[in-house]
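This note sets out points for a colleague who is reading the model alongside the sequence. The points are numbered and may be taken in any order.

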Amino acid sequence: MKRWGRSLQIAFTFIGTVVGAGFATGREVMQFFTRFGHWGGLMIAASTILFVWLGAKMMLLAADLKMRSYEDLNKHLFGDRMGTWVSHLMLIVLLGVNAVMLAGAGSIFSEHLSLSYQTGLLFTMFVCFLLLRKGMNAILTVNTIVVPVMIAFTAVLVVHTLQAPGSDRWLSLETDQSPWAAWMSPFLYAAFNLSMAQAVLVPLGASVADPVVLRRGAWLGGLGIGAMLLAGHVTLSSRMPGVQQFDIPMGGIAREVGPWVHYIYVFLIFMEIFTTLVADIYGLTLQLQERLNVTKAWLTFGVLMFCFAAGQFGFGPLLSTLYPLFGMLSLGWMLLIGRDRKLRPRSPS
């Protein structure tokens, strides 16, 4: 039972790292799946297979080769010289993404809680710093709490959708998007999210080291991600095409259910941003420790201060510049890890 509990912790961390704020807003699900109509369900199935397969492979490689950070994985995939350059690029992109996450937390405080933007940034930074001093166990614990809440919230929206007209539209929804764009979408989605998640999944795999626990956690986590994507897709499809006009599509749907669901939604958005931020900063500090002779606490403080400074400029320019660049790199990364023959994950036992 203890190994099953550990596997669930890994699964929840996997889900919490991948299914971030983009899922709760509905924007990622809309962009990568729902706008492709009835193809969306098959595309989600393809993404789920990639998450299970490559999530397991990443953690098992980290355990087998005793990798300390994602740079060790990149050197294994790309070679020492190119792997170092890839890790440098990832370091810059992850810093930018974390700045975006922190800015998002500040926006929640200013737009939904009637508090200042700066208060949101400082509060989030403070709690992050306290949690990160606890290391990997803190990340596992916070995801064990937050992810079940995410699942429960998603279930409420799905039940509400299934009771309303149009609940089966995800099976018949038409689209004017090209088939080529549709079938590239699950690969782009999985590649981007898995390459981002390696900042926490690599050290997680190395710290747990038990192949059975890791394999089972990857299967449970990957299938959980697929189930949540499908739930979001079904919910959004029933409101197409009108729901496309909203910046936060799931927010409008949550308001239909009632004000208490809206408050849960706001809390959920914040916690998803928070869990992703904590996990990514943990991975970044491990990476920086290999380059700098500085304690982990000071590195964490430095990364948070950088994110605070960058967060003052807003997230629009960061998103438009960094995400497309990292998306292209992620496809090459996914191809290399898929072709790697160091090990072949089996079904969980």
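At what angle do α4 and α9 pack, and how far apart are their axes?

1. The angle between α4 and α9 is about 25°, and their axes are 9 Å apart; axes are lines fitted to C-alpha atoms, for helices over the stretch in contact, and angles run from 0 to 180 degrees between N-to-C directions. α4 is therefore roughly parallel to α9, given that angles under 35 degrees count as roughly parallel, over 145 as roughly antiparallel, 65 to 115 as roughly perpendicular and the rest as oblique. α4 and α9 cross in a right-handed sense; a crossing is right-handed if the near helix is turned clockwise from the far one by less than a right angle, and left-handed if anticlockwise.

2. On the basis of the model: it is predicted, local features need pLDDT of at least 70, side-chain atom pairs count only at pLDDT 80 or more, and totals for chains, interfaces and linings use all residues. Residues are numbered from 1 along each chain as its sequence is written, and side-chain values use heavy atoms, with hydrogens and water left out.

3. On the overall composition: the chain has 14 helices and zero strands. Helices (H or I, at least four residues) and strands (E, at least two) are DSSP runs, numbered from the N terminus. Of its 349 residues, 55% are buried, where buried means under 20% relative accessible area, exposed over 50% and partly exposed in between (1.4 Å probe, protein chains only). The chain exposes about 15100 Å², of which carbon and sulfur atoms supply 67%; accessible areas come from the Shrake-Rupley method with a 1.4 Å probe, and for residues only the protein chains shown count as cover. Among contacts (heavy atoms within 4.5 Å) with a separation of 6 or more, 84% join residues 24 or more positions apart.

4. On α7 and α13: helix α7 (residues 117-132) packs against helix α13 (residues 296-311) at an angle of about 160°, with the axes 10 Å apart. The two helices are therefore roughly antiparallel. The contact involves residues of α7 including Tyr117, Leu121, Met125, Cys128 and Phe129, and residues of α13 including Thr300, Phe301, Leu304, Met305 and Phe308. α7 passes α13 in a right-handed crossing.

5. On α12 and α13: these helices pack at an angle of about 120°, with axes 9 Å apart. α12 is therefore oblique to α13, and the crossing is right-handed. Among the residues that meet are Ile281, Tyr282 and Leu288 in α12, and Lys296, Leu299 and Val303 in α13.

6. On α12 itself: is this helix largely enclosed or open? Of its 31 residues, 25 are buried, so α12 is largely enclosed by the rest of the structure. Helix α12 (residues 259-289) reaches 45 Å from its first C-alpha to its last, close to the 45 Å expected at 1.5 Å a residue; the expected span is 1.5 Å times one less than the number of residues.

7. On Met30: this residue lies in helix α3 (residues 27-32) and is buried, with a relative accessible area of 3%. Beyond residues up to four places away in sequence, Met30 touches Arg35, Leu236, Met240, Val243 and Gln244. Met30 and Met250 are 220 residues apart in sequence, yet 10.0 Å apart in space, C-alpha to C-alpha.

8. On His233: this residue is placed in helix α10 (residues 211-237) and is buried at 0% relative accessibility. Apart from neighbours within four places in sequence, its contacts include Val29, Phe33, Thr34, Gly37, Ile44 and Trp170.

9. On backbone angles: most residues other than glycine have a negative phi. Ala209 is not a glycine either and has a positive phi of about 70°. Ala209 is found in the loop between α9 (179-208) and α10 and is partly exposed, with a relative accessible area of 41%.

10. On α5: the buried residues in helix α5 (residues 70-78) include Tyr70, Asp72, Leu73 and Leu77.
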